[in-house]
Amino acid sequence: MVQEKIEKVLIVGGGTSGWMTAAALAHFLKNKGCAITLVESEAIGTVGVGEATLPHLRFFNQTLGINEAEFMAATNATYKMGIEFSNWGQLGDAYIHPFGEYGKEINSVAFHQYWLRQNYRGRSKSIDKYSLPVVAAAQQRFMFPINDERSIFSTYSYAFHIDAGLYASYLRRYSENLGVTRIEGKVVAVMQGDSGEIQSVQLENGEKIDGDLFIDCSGFRGLLIEQALKTGYENWSHWLPCNKAVAAPSELNGPLLPYTKAIAQKAGWRWRIPLQQRTGNGHVYCSDFMNDQDACDILVSSIEGKLIADPKVLQFTAGKRKKAWNKNCVAIGLSGGFLEPLESTSIYLIQIAIMKLMELFPDKSIDSALVNEFNRLMDIEYLRIRDFLILHYYATKRNDTAFWDYCRNMPIPHELEHKMALFRERGYVVEYQGGLFLEPSWIAVYLGQGVLPNKFDPRVNWISDQQLDKTMFEIEALVERAAMQMPMHDQFLVQHRASLERPKSTMSLYGGRQ
Ligand SMILES: Cc1cc2nc3c(=O)[nH]c(=O)nc-3n(C[C@H](O)[C@H](O)[C@H](O)COP(=O)(O)OP(=O)(O)OC[C@H]3O[C@@H](n4cnc5c(N)ncnc54)[C@H](O)[C@@H]3O)c2cc1C
């Protein structure tokens, strides 16, 4: 059978998604006879936010052969060990969702079960005390994890806070060096064939650019996937009601924290993201409960350093495109869907879409089995994140505003209901294949927001009270000692920026530590 290979890929859009896609395609398809072109419009610009990442980005960079220290310097990045959530369970609460573990399994039973037993015995200390990434982050310490499973320094992972504009510029240089053609211009028309497939796009100057496969990275507008192909959107705003954000960078003020801050507000939450040369600030809110001016005032009055740009308001709808891949068009980035940045998942979704596209890369016939599989896998990714985000809003005791009353009482997806019921029964965390968020992440949010099970796993009674007290004491002391051995994040950054070498991570994309 003759298989006609894809010879021309056209990417529309040059934001984070466009340049990540261009870089990865250029890397994987190098010398394979496939021309990659990217068209973008400086006049339209990019969404201009997206600074907190997940550890998976390290794997993406590594796959592309990007040196981590060079990447850090080029994007003004800092290290990130997790996210601190304040005022979510109730006003005055705070917990860190770490990229890492709590305690260690005993007799093959998860550590949090032993913690629950202690809690019921009235001997509880915050579970945070048993997690090295939480304790280290709270003390503003950071060092690279090590790969020896016997060491406590292997119990965490890390990500970055980056200047996403600089990352896109970096990847543009990378892509152009590998032969990607960039065209400056505004797409004004999309030409389609008899069966609706995209044949070419037309620019404002009349130029037509054709392709075999089109990647829509045009942002919220979904120029190809929606405006041309009318794919449809699954709206999840009844579960994730925040639909606006105001963002404003400020001058640095205070130490560089190795974690993102997510501080719940009256009708949403604020973020604070420390970069090497500035701080990213934003306020995500629901316009049914708060107007733009109030949202902006809350943000500006909370910023400690001097503002370096005017606040910018953005609008969005939580949800995803009904099909991320439709005919010969794949939507990557904001054109494919949007889940608010509470757990820093959007760049991850870009990365995962690129990796799945590479695995399922089609020939010119664009086999529908490949398309369906891509859409199935991307749906799973979205659903996992969706439910985890909803948990943050739903598992609240806050009753101080109408917004939180709505969140506390809203119906939730049955998949999440099922997960919460099992946790409430005896601390059981439902395992699943594919998609983000392993057991420690669920534990962090459940316990951090005061969702306490009625019982615990009976197997924890296999050890005596004295043994349990001793083990808990030893783990806490080990965590505390290990944290004290780690340098301060600020110092580590200064030291490490000097070196361009960094040991390779053994993290896998689909499993292992997040
Ligand atoms: C408030 C907010 C906070 C966020 N925070 C985070 C975060 O902390 N972490 C995270 O991972 N993600 C975050 N995100 C998501 C992140 O910003 C995006 O996933 C990322 O920037 C990718 O955007 P994009 O490239 O898909 O779209 P855009 O940045 O909008 O880029 C679209 C591109 O398409 C081009 N284009 C559009 N129309 C045309 C046309 N007609 N002709 C030619 N070119 C065109 C534009 O010029 C631009 O180059 C956040 C998003 C929002 C809204």
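A residue is buried if 20 or more other C-beta atoms, placed from the backbone, lie within 10 Å of its own C-beta atom. A nonpolar core is a set of buried Ala, Val, Leu, Ile, Met, Phe, Trp, Tyr and Cys residues joined through C-beta atoms within 7 Å. The model is predicted: local features need pLDDT of at least 70, side-chain atom pairs count only at pLDDT 80 or more, and totals for chains, interfaces and linings use all residues. Residues are numbered from 1 along each chain as its sequence is written.

**View 1. The largest nonpolar core.** This core has 141 residues, of which Val 12, Ala 22, Met 81, Leu 224 and Ala 353 touch the most other members. Its largest share, 10 residues, comes from helix H10 (residues 368–394); helices are DSSP runs (H or I) of at least four residues and strands (E) of at least two, numbered from the N terminus.

**View 2. Helix H1 and its cover.** Because 11 of its 13 residues are buried, H1 is largely enclosed by the rest of the structure. Trp 19, Met 20 and Leu 25 are among the buried residues. Their cover includes strand E1 (8–12), helix H6 (164–177) and strand E11 (213–216). Ala 22 touches residues including Ile 11, Ile 36 and Leu 171, not counting those up to four places away in sequence; contact requires C-beta atoms, placed from the backbone, within 7 Å.

View 3. Of 40 residues around the ligand (C-beta atom, placed from the backbone, within 6 Å), Gly 13, Gly 15, Gly 50, Gly 219 and Gly 333 come nearest. Elements giving two or more residues include helix H1 (16–28) and strand E13 (244–251).

Note on methods
Buried ≥ 20, exposed ≤ 12 C-beta atoms within 10 Å, placed from the backbone. Contact = placed C-beta atoms within 7 Å.
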